[in-house]
Amino acid sequence: MRLGSGTFAAGCVVIEVLGVALFLRGFFPTPVFSGAERQAESPAPEPSAGASSNWTELPPPLFSKVVIMLIDALRDDFVFGSKGVKFMPYTTYLVEKGSSLSFVAEAKPPTVTMPRIKALLTGSLPGFIDVVRNLNSPTLLEDNVITRAKAAGKRIIFYGDETWVKLFPKHFVEYDGTTSFFVSDYTEVDNNVTRHLDKVLKRQDWDVLILHYLGLDHIGHISGPNSPLIGHKLSEMDSILMKIHTSLLSEERDTLLPSLLVLCGDHGMSEAGGHGASSMEEVNTALVLISSAFERKPGDVRHPTHVQQTDLAATLSIGLGLPIPKSNIGSLMFPVLEGRPMREQLRLLHLNTVQLSKLLQENVPSYEKEPGFEQFKVSERSHGNWIRLYLEENNSEVLFNLGARVRRQYLDALRTLRLSLSKRAAQYDIYSMAAGTIMVLEVLALLLLSVPQALGSRAELDVPLLSPVCSLLFCLLLLALAALHVAVCTAADSSCYLCSLPWPAAGGVMALTAALLCAVVSALTRTFAGGKCLSQNPPQSTSRWSELDLLSFLGTVGHVLSLGASSFIEEEHQTCSDHKAELSVLAVLSLAMIFVLVQKRCSLTSKVAMAFGLLGIYCYRAAIGNVLFPWKQDNKDVSKGITEARFVYVFVLGILFTGTKDLLKSQIIAADFTARTVGLWEIYSGLVLLAALLLRPHNLPVLVLSLAIQTIMTQFIWRPLRHNITEVTVMHYWFGQAFFYFQGEEHEHRELESHMLITPSREKKDFSLPAAE
């Protein structure tokens, strides 16, 4: 079977896209979602057994007003730990002795703002695809507490992070959004929220007030959780909470129902100051519910209990007298209901269990076999018997004991249903991921065995797919894959994407996989047998592995291995903090390699400037405590590093000036091609020196790798194959984008942003990047 180079390349691209799409379909699992209309169904009636119950409507709200005070990056120990005791005395008093309920709410990854807001208000688990949407949040169409509240006529006011305004357009009767982009601002971004409080708290024309404070998160990004600025910000938040709580208590004298103040965080903060990953510091957030309805008796000591962040949606819905969102997978926080009558407790637990059981039915084909569904049915029958007994005899001890048992049954069913739905929402489709990965690797192997000859315009691929041996191998592989498909699909209850496809479509995927493997085996046989996988008119080299073959092979293997590793970006704080000596050695080696790779075409003056500039970079990082001085093992007294940074900037400007001078010289002397080459290279080396200064020390090896790959590509691909300047520029752009994300797009972007936007105040300079003023 002969294919032209163009047809061969087009086929490889199509199959690669198909394999990547199949992998992503498995990597981003379908969320647990309810397809039912939001307002189409009436509330589930109270169960009854042989008696008519008259409770068919939603129970009335538990609270008259709700204030949600969301502090971005409020991890649990900022409130319940030593920092809370020291900097948040009023909150600590409420937690330990006041009328409050305290929880440690676990936020599932990804721990970034927009997915966490969705989890708080929908009760569902947003996926990693929502990280992409975090910078440009679309309108939230999924059923949620805010939309339900608006539909019920609740008047909602919002001040804070503009992400809410994008998620809920036209939902607020009054709002003022603040941008979260300027991470160096941790003062005005919160003052813009607080300035509205005095007038709003005096008004009676609202039911829900939402405040989203960003300053704590910005301090974390700038200087980490141990910064002295953290304490000042927590004290500020404590005083604001005291103002809100005092105002709500004064208003309760004129209302029949108490108010609810919710103090919570959307995610935590890592030891490096960032968030997004799955460390304990990033997923554990503080959640405090404050209301006079939670009065405690003398000696009643309440410790924070662990809940899921998704549990807040159901609790808020019940507190406001609203239906629970359809896609909610959370359960009611039962301590909120403990003071209510038994019948009302069972009614609210029944509504939550009915909602979860319906969601289970819509997403799990064999839902009747699920333990949680069976527990729900048992609880519902027991509840009906309790209602019959309640209507007959209201105040017996038997009635109370039976009610307590039904309550335990409901709580167990809720716990099991929530666990089943959570696992399904976070479950990867391993079968689809494996099938996509195999297809991609097969195409890559075929490309490796046909490069570089296949790059020629007249090359032809010769793979004997129609030979008897390949036909037999293809049939055996197809049968094996079909047997595997049946085994996986029957064991997984058809939950995999490939299992849900019609047999012709699934058979096509299996046939393509088998054909590709036959082609790879045939190509390998010919290569190692001394034959050629490609026929081409020009004479070919006798060597089996060229430099390009080796580069392609090693690059592919390295890339595949990197896909199976844990994210370096998520765990970079361990490189920075726990292994400072190793990081220092790595930084020295990286800076030396940068000099070797960059200085070769520079003038002697630029080489000297480059050497001193790289030395200055290490001194700057040592001055601010990132790495160690060789003569000083413990850098306790770290400086601002401003002098060292200015030292490097001088050499950057000097190299750029020298390069510009050589370029101008080449314009005057038209024939001086050498001066123009040296000038361009010196400007390039100056920019590399600037990049080395701005990058964090653990990302210096990534810069070295990018320079090394550029050197290898120039030596073995761009020059031999005579690519023009446009093609080389495009490939440079692609590699630049790849290495930009390898270095950690959010961290580096935010650090550079704080460097460029930092104000000249003395306090902020302590935590900025090297200042150029």
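Let's start with the largest nonpolar core: 71 residues in this predicted model. Which residues have the most contacts inside this core? They are Trp 164, Ile 210, Val 262, Leu 287 and Leu 289. Helix H15, residues 342-363, gives the most to this core, with nine residues. As background, nonpolar side chains in soluble globular proteins tend to be buried together.

Now look at Trp 164. Set aside its neighbours within four places in sequence. Trp 164 is then in contact with Leu 70, Ile 117, Leu 121, Phe 158, Phe 172, Ile 210 and His 212. Ile 210 is also on the list of residues with the most contacts inside the largest core.

Next, strand S7, residues 260-264. Is S7 mostly covered or mostly open? Mostly covered: five of its five residues are buried. Side chains in a regular strand alternate between the two faces of the sheet. In S7, Leu 260, Val 262 and Cys 264 point one way. Leu 261 and Leu 263 point the other way. All of these are buried.

What does S7 pair with? Take strand S2 to begin with, residues 66-71. Five bridges join S2 to S7, and the two run parallel. Val 66 stands opposite Leu 260 in S7. Then strand S8, residues 284-290. Four bridges join S7 to S8, and these run antiparallel. Cys 264 has Leu 287 as its bridge partner in S8. Leu 287 takes us back to the largest core, where it is one of the residues with the most contacts.

Technical notes:
Residues numbered from 1 in each chain as written. Predicted model: local features only at pLDDT ≥ 70, side-chain atom pairs only at ≥ 80, totals over all residues. Heavy atoms only, no water. Core = buried A, V, L, I, M, F, W, Y, C linked by side-chain atoms within 4.5 Å. Buried < 20%, exposed > 50% of the residue type's maximum accessible area, 1.4 Å probe, protein only. Contact = heavy atoms within 4.5 Å. Pairing = 2+ DSSP bridges.
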